[in-house]
Amino acid sequence: MIEVSSTETLKQSIEVHAFEAVYLYTPMCGTCQVASKMIDVVEKLPQSYHFSKANLNYLPQFAEEQSIESVPCLLLFKDGVEQERIYAFQSVPFLYETLNKTADS
């Protein structure tokens, strides 16, 4: 998973990849640490998404533009258009099924 530290770089990644999963977190968030481990597992499973992660503390402009309500947050983009937004990282199977569902739609 690529760590992105600028809004411009993140937007480029969303535009370049047909399927982009953007994981947003903050370092002091305990729930984010658990979610990060789940994302690491899902990323290794066979699926279509390219993964980026970003510390939301460094991307206030992106957070405002995307109306991010809280962290952790997973944004799923298909051809540059947001398809799904996940705040409740229920389980690895839930995340994996959601990725596959949005990729197939």
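Contact is taken here to mean heavy atoms within 4.5 Å. The structure described is a predicted model, in which local features need pLDDT of at least 70 and side-chain atom pairs count only at pLDDT 80 or more, whereas totals for chains, interfaces and linings use all residues. Residues are numbered from 1 along each chain as its sequence is written, and side-chain values use heavy atoms, with hydrogens and water left out.

The chain contains four helices and five strands, where helices (H or I, at least four residues) and strands (E, at least two) are DSSP runs numbered from the N terminus. Read from the N terminus, these elements follow the order β-α-β-α-β-α-β-β-α. The radius of gyration of the chain, 12 Å, is close to the 13 Å that the globule rule gives for 105 residues, so the chain is as compact as a globular protein of that length; the radius is taken over C-alpha atoms, and the rule is 2.2 Å times the number of residues to the power 0.38. Along its principal axes, the C-alpha trace spans about 30 × 30 × 20 Å.

Of the 105 residues in the chain, 43% are buried, a term that stands for under 20% relative accessible area, with exposed meaning over 50% and partly exposed lying in between (1.4 Å probe, protein chains only). Among contacts in the chain with a separation of 6 or more, 67% are accounted for by residues 24 or more positions apart. The chain exposes about 5700 Å², of which carbon and sulfur atoms supply 52%; accessible areas come from the Shrake-Rupley method with a 1.4 Å probe, and for residues only the protein chains shown count as cover. There are 7 positive and 14 negative side chains, and the centres of the two sets lie 5 Å apart. In this count Lys and Arg are positive and Asp and Glu negative, while His and the chain ends are not counted, and the place of a charge is taken as NZ of Lys, CZ of Arg, CG of Asp or CD of Glu.

Helix 2 comprises the 15 residues 30–44, which at 1.5 Å a residue should span 21 Å, and its end C-alpha atoms are 22 Å apart, in agreement with that value; the expected span is 1.5 Å times one less than the number of residues in the helix. The buried residues of helix 2 are C32, A35, S36, M38, I39 and V42. Their cover includes strand 2 (19–25), strand 3 (50–55), strand 4 (73–78) and helix 4 (92–104).

Within strand 3 lies F51, a buried residue with a relative accessible area of 3%. Apart from neighbours within four places in sequence, F51 is in contact with M1, I2, E20, A21, I39, V42, E43 and L99. The C-alpha atoms of F51 and S91, which are 40 residues apart along the chain, are separated by 18 Å.

S6 and Q61 are 55 residues apart in sequence, and their C-alpha atoms are 9.4 Å apart in space. T7, in helix 1 (residues 7–16), counts as buried at 12% relative accessibility, and, when residues up to four places away in sequence are not counted, T7 touches L59, Q61, F62 and E65.

The loop between helix 3 (60–65) and strand 4 holds P72, and the peptide bond from V71 to P72 is cis, with omega near 0°. S67 is found in the loop between helix 3 and strand 4, where it is partly exposed with a relative accessible area of 48%; phi of S67 is near 55°, a positive value in a residue other than glycine. D79, which is placed in the loop between strand 4 and strand 5 (81–86), also has phi near 55°, and D79 is exposed, with a relative accessible area of 57%.

R85 belongs to strand 5 and is partly exposed at 26% relative accessibility. Ten residues separate R85 from L75 in sequence, and the C-alpha atoms of the two are 4.7 Å apart. With neighbours within four places in sequence left aside, R85 is in contact with Q66, S67, I68, C73, L74 and L75.
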